[in-house]
Amino acid sequence: MKKYKAVIVGGGSTWTPGLLKSLCERQADFPLEELRMYDIDAERQAVIGEFAKVLFAEEYPELKFLYTTDKAQAYKDVDFVFCQIRSGGFDMRMLDEQIPLAHGVVGQETCGAGGFAYGLRSIPDMIQIVRDAREYAGDPWILNYTNPAAIVAVALERVFPGDRKIVNMCDQPVNLLESFAKALGIRRQDIIPEYVGLNHFGWFTRLTDREGNDLLSPLRERILSDGFLPADAAERDASWLHTYAMVQTIMRDFPDYVPNTYLQYYLYPDQVVARLDPDHTRTEEVRNGREKRVLTQCRQAAAQGSTRGLTIARSEAHADMIVEVASSIALDKGESFIMITRNNGTVANFHEDAMVETVARVDAGGVTAAPFGRIDVFMKGLMEGQYAYEQLTVDCYFEGSYKKALQALTLNRTLVDAQKARAVLNDLIDANQRYWPELK
């Protein structure tokens, strides 16, 4: 069996250890000859890289491994590129959250004005990653799960139209499926989902078991009566527990389908703003929670020469999905996943060029979405506004257009008010001078 070479771009991410563990556990399904990690932050990546050496010595001793800040060394002759970058780092993420909140609107990493700011930083970096990968590796598969995934996917489709070796995906649907499975007392792999929407803006419209029995109805009843928690609630920060709990609120108002958790920001923006603290945003929570825990344990593993007893030495749903998608491509399995792909008639009454998130077959030919049919009026109304916001945001980047930026933020349901949109935009421009194109 062929063995592959892969690189993780953004190797210093605190999500990397879970991906490393999943690669160990699934080495029979996705066999690697060599793995590399690449990051522009050498110090941060080294902490994860030294943990990786210990983990692989225990569980994947024949695997060649290195971590580097040299892009030529990172990309040379690889077959797969896994992208998980954070353009601007946590310092800019904090501003993405604080600036909108200062104006009384949602401050969140991927949604609303914060997601807009992050998107304009991510677009040029992701375009460069694709170009670098193609320069040094020829034509590798690029598995992109960099946020905000919707905006990045739209931008990549414009620069590399029809490129089937750029694969866009998000882990939140699979995280939700894990949580559904736990609530129902079954395995995630035994749930057959139907899902439609845009990234961080969608719904599970049907859930069945492998025999075709309805699972959505009993899940709905359980959520409405008992609430909803993530499958890994014990490891989650407080804000995530509240985010999952909001699914019950959404379903009390709109019970037909099970929503993506991110819809809370668009359906209840005032309620969200009321509970957020500009002086202690999600960034601070992550720094003092997940980031501190992961980096501390990575250093501990390197010091003791073992991963024994460490909670980070385990795979996670998002990591499992990444490896499963890579395996389905490499071995031409044709398995189904919820992916981000060009609509092309998948949703019959929606824009052909929209990057929709839906169930798709993944094989050696890339991603092929399953036909969905028509979406209802409520879904379509919401998605039309979000589609326009995404398109205008990408227009703004490529055209350097202040007008398009203001239009995008005015349309976004977390802002709506044009005066607030202008005030937030002006402050974001000041904060992002190092990263954004000049907007005229």
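User: Before anything else, what counts as a disulfide here?
Analyst: A disulfide is a pair of cysteine sulfur atoms within 2.5 Å. The model is predicted.

User: OK, how many disulfides does the structure hold?
Analyst: The structure holds zero disulfides.

User: Switching to helices. At what angle do α6 and α14 pack?
Analyst: The angle is about 60°, and the axes of α6 (residues 149–159) and α14 (residues 377–399) are 9 Å apart. The two helices are therefore oblique to each other.

User: Is the crossing left-handed or right-handed?
Analyst: The crossing of α6 past α14 is right-handed.

User: Which residues make the contact?
Analyst: On α6 they are A150, I151, V154, A155, R158 and V159. On α14 they are Y389, E390, Q391, T393, V394, D395 and F398.

User: How many of the contact residues are nonpolar, polar or charged?
Analyst: Eight are nonpolar, two are polar and three are charged.

User: What about the peptide bond between N147 and P148?
Analyst: That bond is cis, with omega at about -15°. P148 sits in the loop between β5 (141–144) and α6.

User: Which residues have a positive phi without being a glycine?
Analyst: D77 is one of them, with phi of about 65°. D332 is another, with phi of about 55°.

User: Where are they?
Analyst: D77 is in the loop between α3 (71–75) and β4 (80–83). D332 is in the loop between α13 (317–330) and β10 (335–342).

User: How accessible are they?
Analyst: D77 counts as partly exposed at 41% relative accessibility, and D332 counts as partly exposed at 45%.

User: Last one: what does D256 touch?
Analyst: Leaving out residues up to four places away in sequence, D256 touches L216 and R220. D256 lies in the loop between α9 (238–253) and β9 (258–259).

User: And how far is D256 from S217?
Analyst: Their C-alpha atoms are separated by 9.2 Å, while the residues are 39 apart along the chain.

Terms used:
Residues are numbered from 1 along each chain as its sequence is written. This is a predicted model: local features need pLDDT of at least 70, side-chain atom pairs count only at pLDDT 80 or more; totals for chains, interfaces and linings use all residues. Side-chain values use heavy atoms; hydrogens and water are left out. Axes are lines fitted to C-alpha atoms, for helices over the stretch in contact, and angles run from 0 to 180 degrees between N-to-C directions. Helices (H or I, at least four residues) and strands (E, at least two) are DSSP runs, numbered from the N terminus. Angles under 35 degrees count as roughly parallel, over 145 as roughly antiparallel, 65 to 115 as roughly perpendicular and the rest as oblique. A crossing is left-handed if the near helix is turned anticlockwise from the far one by less than a right angle, and right-handed if clockwise. Contact means heavy atoms within 4.5 Å. Ala, Val, Leu, Ile, Met, Phe, Trp, Tyr, Cys and Pro count as nonpolar, Asp, Glu, Lys and Arg as charged, and the others, Gly among them, as polar. Buried means under 20% relative accessible area, exposed over 50%, partly exposed in between (1.4 Å probe, protein chains only).
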